[in-house]
Amino acid sequence: MIHKIVLAMLMFTCIAVPAQNRGKGGKILVAYFSHSGNTRAVAEEIAQATGGDLFEIVPQKSYPTEYNSLLDVAKQEIHAAHRPALKNRVTDFDSYDVIFIGSPNWWSTIAPPVATFMESYNFAGKTIVPFMTHGGGRFGHAIADMKKLCPNATFSDGLSIRDSYAHDCRPDIDKWLKKLNLE
């Protein structure tokens, strides 16, 4: 019984130790774009579980809040491979080894601000861990699109969370992180 308790404590410690204090896994960044708040909720849970630093990808020009208008703008930008300008940059990006990148599923891929983010930094030698919120499309072709944007990065298995579960996804995140074994 004591062995099981010690093992459980060790497993919890692996998930809860701040990224700066990890061994070979290195420093963790959790970068995300969120329009409705769902991807933000998932990103916050991942950052809390990993001890990673949280970074919100914010476009200079806001997207429409009305859903159908948003769909139209997103579709136009994706088809035109538009890269919207961003308001902010990651401080000391080179210090991160593992970057979780989150996006809502827009037309079966990542939102254009996430594409801008991925093209704005050198991901060579970094590990990218994708996560996506969706209304039923899971990752679509987002992973393939991300790999084209960062061909010199290593990709870990991603996590897709249905929008309706975004605010209650911690058990799924914990299972996923355990499988990733980023320690």
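The lining of the largest pocket divides into seven nonpolar residues, eleven polar and one charged. Here Ala, Val, Leu, Ile, Met, Phe, Trp, Tyr, Cys and Pro count as nonpolar, Asp, Glu, Lys and Arg as charged, and the others, Gly among them, as polar. This is a predicted model, where local features need pLDDT of at least 70, side-chain atom pairs count only at pLDDT 80 or more, and totals for chains, interfaces and linings use all residues. Residues are numbered from 1 along each chain as its sequence is written, and side-chain values use heavy atoms, with hydrogens and water left out.

The largest pocket has a volume of about 380 Å³. Of its 19 lining residues, Tyr67, Pro104, Asn105, Trp106 and Asp163 are the closest to the centre. A pocket is an open set of points on a 1 Å grid over the protein atoms alone, where a 1.4 Å probe fits, with protein on both sides within 12 Å along at least five of seven lines; lining residues have an atom within 4 Å of a point. Grid points are joined across faces, edges and corners, and the volume is the space filled by probe spheres set on the points. Helix 2 (38–50), helix 3 (67–79) and strand 4 (127–134) each give two or more residues to the lining. Helix 3 gives the largest share, four residues. Helices (H or I, at least four residues) and strands (E, at least two) are DSSP runs, numbered from the N terminus.

Now follow strand 4. Eight of its eight residues are buried, so strand 4 is largely enclosed by the rest of the structure. Buried means under 20% relative accessible area, with a 1.4 Å probe and protein chains only. Thr127, Val129, Phe131 and Thr133 lie on one side, and Ile128, Pro130, Met132 and His134 on the other.

Strand 4 has several neighbours. Strand 3 (residues 98–104) runs parallel to strand 4, joined by seven bridges. Two strands pair if DSSP finds at least two bridges between them. Valine 98 has threonine 127 as its bridge partner in strand 4. Strand 6 (residues 159–162) pairs with strand 4 in the parallel sense over four bridges. There, serine 160 is the bridge partner of methionine 132. Strand 5 (residues 154–155) also pairs with strand 4 in the parallel sense, over two bridges. From strand 4 the chain crosses through helix 5 (residues 142–149) to strand 5, in a right-handed β-α-β crossover. Right-handed means that, with the strands pointing away from the viewer, the path from the first strand over the helix to the second runs clockwise.

Methods: Buried < 20%, exposed > 50% of the residue type's maximum accessible area, 1.4 Å probe, protein only.
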